[in-house]
Amino acid sequence: MASEGIEMDQTLAQRLLVEGATLVVLNVPSDTEFGIDLKSWNTGDNFKGIKMIPPGFHYVHYSAIDEFGETAPKIGFLHTFEKSEFLVRRWNPKEEDLSPEAVEEETVERLKDNLKDLDRFLGCYPYDIWKQWKELINHISPSLVERCSPICGFVRSALELEHCSDATRPRGGESNPKKKRRSGITMEEKEDELLPDMKPRPGTELRLSKLPDKNYPDGASPTEVTKHFLDSSYALDTFLNKLTVWVLKCIGLHMFKVDLLFCVIIFSFSPMEIIGEVQLAFICFLVGQSLDAFEHWKKLVSLICGADCAISQRRAIYIEFMKTLEIQLIHVPEDILCDIVVNNNFIYSSLRKLFANIEANSELDGRLKSYTSRFCERLSTKFAWDFSNLQEEAEDDAPIVVSLK
């Protein structure tokens with residue numbers, strides 16, 4: 001593992017020698033692909049870990065390499081490093097993975113005492129990516145990391161699956177034989193029924209927030225259902241309220257009282273939790289290659305972009321969302337960007353809907369509209385996306401009017 005090309009201010013270097021965290025990994029095989037955040041390397045014979053890690057949230061990731069040079073699916077763990085933290089992990093050669101078992105305290109103390117000798121076997125944190133990393137994760141809090149991390153402690157690009165009944169399938173509900181026999185079944189439903197009944201092994205999946213099952217309240221009339229289908233504000237508010245309840249539980253407030261502290265939490269902290277989750281899902285996809293995280297990221301983007309009435313009430317969320325998405329689009333691999341934008345048109349169509357809602361909303365202040373306009377121009381320049389005539393709906397997106405008799 002090398003750290004060529006990294007230049008660091010001497011004052012910063014001296015401070016991080018004291019305040020920076022140290023990750024020691026014992027017995028990692030040579031040539032293992034090992035990385036932190038946006039960088040990875042193939043380890044050498046004497047690799048023992050990474051030093052001078054800036055305090056804060058980081059993603060440590062690795063892939064075993066077999067005797068034929070084939071790379072195993074990526075595994076990693078999310079960790080919020082404290083100042084001067086000394087974290088020790090041990091490689092399990094049988095599992096070709098870092099062991100979840102804690103390293104003996106005696107071994108940890110011995111390594112600490114011999115840190116000067118150990119230092120030459122530690123690679124420096126790659127500071128050329130530190131600024132980029134901070135921009136990508138600035139709303140990810142330690143509590144969010146703790147809440148969303150898999151119980152097993154590791155994020156796997158290839159989830160371990162096990163057989164389950166149809167009723168407990170993640171995408172399924174109760175099996176319905178009549179549905180399988182009906183002639184009007186869609187191709188997607190046919191494909192779904194042909195798939196084996198599998199689900200992630202308990203404790204191995206990311207614990208990302210569950211999005212609302214439906215976009216409208218119970219008892220909604222057909223007209224109201226249509227309204228909520230076109231405007232996801234109700235679903236967004238429902239999701240944010242669930243996040244607020246979780247935040248309150250984290251700080252030990254079990255009795256909901258409308259006081260100053262409650263208001264500060266409601267309007268300042270908890271709404272940004274959704275931006276933190278957008279960032280965490282994206283990082284687990286970008287760095288950890290988790291397809292489940294990618295799907296969750298897409299759903300969150302759709303939920304936020306599909307709202308209209310909520311924009312004026314949640315203006316701070318939308319400013320941060322656009323900042324976050326612009327940074328994320330810089331880091332999406334080109335082949336994936338082509339897939340999600342050109343083929344499925346997902347990002348473009350979602351943003352077009354958001355921009356149209358902001359443009360038409362007379363309640364919004366000039367600052368938000370001005371920021372949106374500049375963001376729109378930057379995207380058009382970078383990706384050649386056409387955001388003109390926003391109030392003209394594409395034929396495919398236009399709602400279908402059904403006469404109810």
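In what order do the 5 strands of the open sheet run, and with what pairing? I looked this up in a predicted model, where local features need pLDDT of at least 70, side-chain atom pairs count only at pLDDT 80 or more, and totals for chains, interfaces and linings use all residues. Residues are numbered from 1 along each chain as its sequence is written, and side-chain values use heavy atoms, with hydrogens and water left out.

Entry one, the sheet. I read the order as S8-S7-S1-S4-S9, with mixed pairing. Strands here are DSSP runs of E, at least two residues, and helices are runs of H or I, at least four, both numbered from the N terminus. Two strands pair if DSSP finds at least two bridges between them. I noted strand S8 (97–98) and strand S9 (122–124) as the edge strands, each pairing on one side only. S7 (residues 86–92) and S8 run antiparallel and are joined by 2 bridges. I found Leu98 in S8 as the bridge partner of Trp91.

Entry two, a helix on the sheet. I saw helix H2 (residues 105–113) lying across strand S1 (21–26) and S7, at about 120 degrees to S7. Axes are lines fitted to C-alpha atoms, for helices over the stretch in contact, and angles run from 0 to 180 degrees between N-to-C directions. Contact means heavy atoms within 4.5 Å.

Entry three, a helix pair. I looked up H12 (residues 291–305) and H14 (residues 315–331), which pack at an angle of about 140 degrees with their axes 12 Å apart. In H12, Trp297, Val301, Ile304 and Cys305 meet Tyr318, Phe321, Leu325 and Gln328 in H14.
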